[in-house]
Amino acid sequence: MSIRQLTPIGGEAYDASQKPPPFGHSLKYYFALDPDYVNLNNGSYGSLPLPVLFAVTKLGYDIERNPDEFHRLVLRPGLLAKARESVAKVIGANADEVVLVPNATSGVNTVLRNFEWHEGDVIIATTTTYDAVDNTILYLTDHSEPVRPEAVKIELTFPLTHAEILERFRVAVRDVKQKYAHRAFADVPPLSSGYSAENQGQGNKIVAVVDAIVANPGVALPWREIVRIAREEGVWTVLDAAHSIGQEADLNLSEAKPDFWVSNCHKWMYAKRGCAVLYVPKRNQHIIKSSVPTSHGYVRPAQAKIRGTDFVQQHEWTGTTDQTPYVTIPDVLAFREWLGGENVINAYCHQLALDGGKRLAEVLGTRVLDETGELTLNMTNVQLPLPVEKALGEVYTHALNGEINKYLQNTLLSKRKAYAAHYYHAGAWWVRCSAQVFNEISDFERLGVILKDVCKEVEEAFLSKRAT
């Protein structure tokens, strides 16, 4: 029996010689969303365009025609190299400085687990660090062996200005140095003053795990300036940029010079889940001694001193996995280029986030978190019409927040067919809306009407009993 040839239908194909439809609901033709579903949560799992879904499916059929030929002759280096070259251009990096990994959590783990930690080393994070990343730091500090780093957290309660965030970071670094003045923080990044190749890895180090864009609240941090301050202070930077690629235009990592940077391609860039890009400049590739998990390409330390760690080769085969999200990145970028390119896409989404957030706040009778717009890219945060507590525990408990979160999630998704991420922060409940090219202001208005009703249900079901 011959394998059928796939032919795209409807929105699974587009004519690159023709202009795309205007942004908004007309673009839903090219996405697989249910027609009655209001999706304002692209930021969590992304939204796969039909042309990309077709490319992935077609490639899957091609692979199954001859799996050995694909995996042994076609995938490496050809298709993976092309994918890396494509995504490297988007982030302003060299192709041999980027590898593809399943998600941002995997990328951050690869970096943090490859540092050689010494007693007295310090990891700086924030109170809004992504939970899985925060737990990775805890795992490292919880090691039973005596050689483990210490963790320091910077308090970030929004809204804050970029200037305030930078000052808190600068103060935190200097407080660490003052508190541990007896330690020699001599293990500094190659671009910092005081770096010496001869003393590489000697003494203690400070590693800062920095969000480019915080998950909740969905706010943009001044990460380029944080990287600059860290470089001046001799601090290593690990950028959790999970939400950046596809949302943050004009990325130029060769110019910004973070020490490590990782971003999900499946959130805002339209790649199939799971797909992320890990950037490690050549100057720091000696740190990454092994992929996670360790692959066939592992280079032992004695050999690595002679020929390096083979950073790219180590990550190209970490075991048998679905490679279609990686190798269809060129299809993703071709579709985005047809829509107008990175700047055009993000200009629409950014303005819609600003306008949609204001309109949603009007419908709910509340406020946006970021009234100045300084913290906003393509996600907007709006307060829900639920009680606000002035002191921790005054209205909400951890257990109660869990019940409210579950109720909101189940009701919005299963009954109301509209969704945006919801979370508790600074004494209040908020909703984080992700503006995408298929959204319009009316989506924010419809979500607002639904949220008003659902929040009344939350008050009656969970908060009225507590008040009495």
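Throughout these legends, a residue is buried when its relative accessible area is under 20%, exposed when it is over 50% and partly exposed in between (1.4 Å probe, protein chains only). The model is predicted: local features need pLDDT of at least 70, side-chain atom pairs count only at pLDDT 80 or more, and totals for chains, interfaces and linings use all residues. Residues are numbered from 1 along each chain as its sequence is written, and side-chain values use heavy atoms, with hydrogens and water left out.

**View 1. Gly-234 in the loop between α7 and β6.** Gly-234 is buried, its relative accessible area being 10%. The loop that holds this glycine lies between α7 (223-233) and β6 (236-240); helices (H or I, at least four residues) and strands (E, at least two) are DSSP runs, numbered from the N terminus. Apart from neighbours within four places in sequence, Gly-234 is in contact (heavy atoms within 4.5 Å) with Asp-187, Val-188, Pro-189 and Ser-192. A separation of 8.3 Å lies between the C-alpha atoms of Gly-234 and Lys-205, which are 29 residues apart along the chain.

**View 2. Helix α3 against helix α12.** Two packed helices are described by the angle between their axes and the distance between the axes. The axes of α3 (residues 67-91) and α12 (residues 329-339) come within 8 Å and cross at roughly 40°. Axes are lines fitted to C-alpha atoms, for helices over the stretch in contact, with angles running from 0 to 180 degrees between N-to-C directions. Helix α3 is therefore oblique to α12, given that angles under 35 degrees count as roughly parallel, over 145 as roughly antiparallel, 65 to 115 as roughly perpendicular and the rest as oblique. Lys-82, Ala-83, Ser-86, Val-87 and Val-90 of α3 make the contact with Ile-329, Pro-330 and Leu-333 of α12. By class, the residues of this contact are 6 nonpolar, 1 polar and 1 charged; Ala, Val, Leu, Ile, Met, Phe, Trp, Tyr, Cys and Pro count as nonpolar, Asp, Glu, Lys and Arg as charged, and the others, Gly among them, as polar.

View 3. The structure holds 0 disulfides, a disulfide being a pair of cysteine sulfur atoms within 2.5 Å. Cys-265 counts as buried, at 0% relative accessibility.
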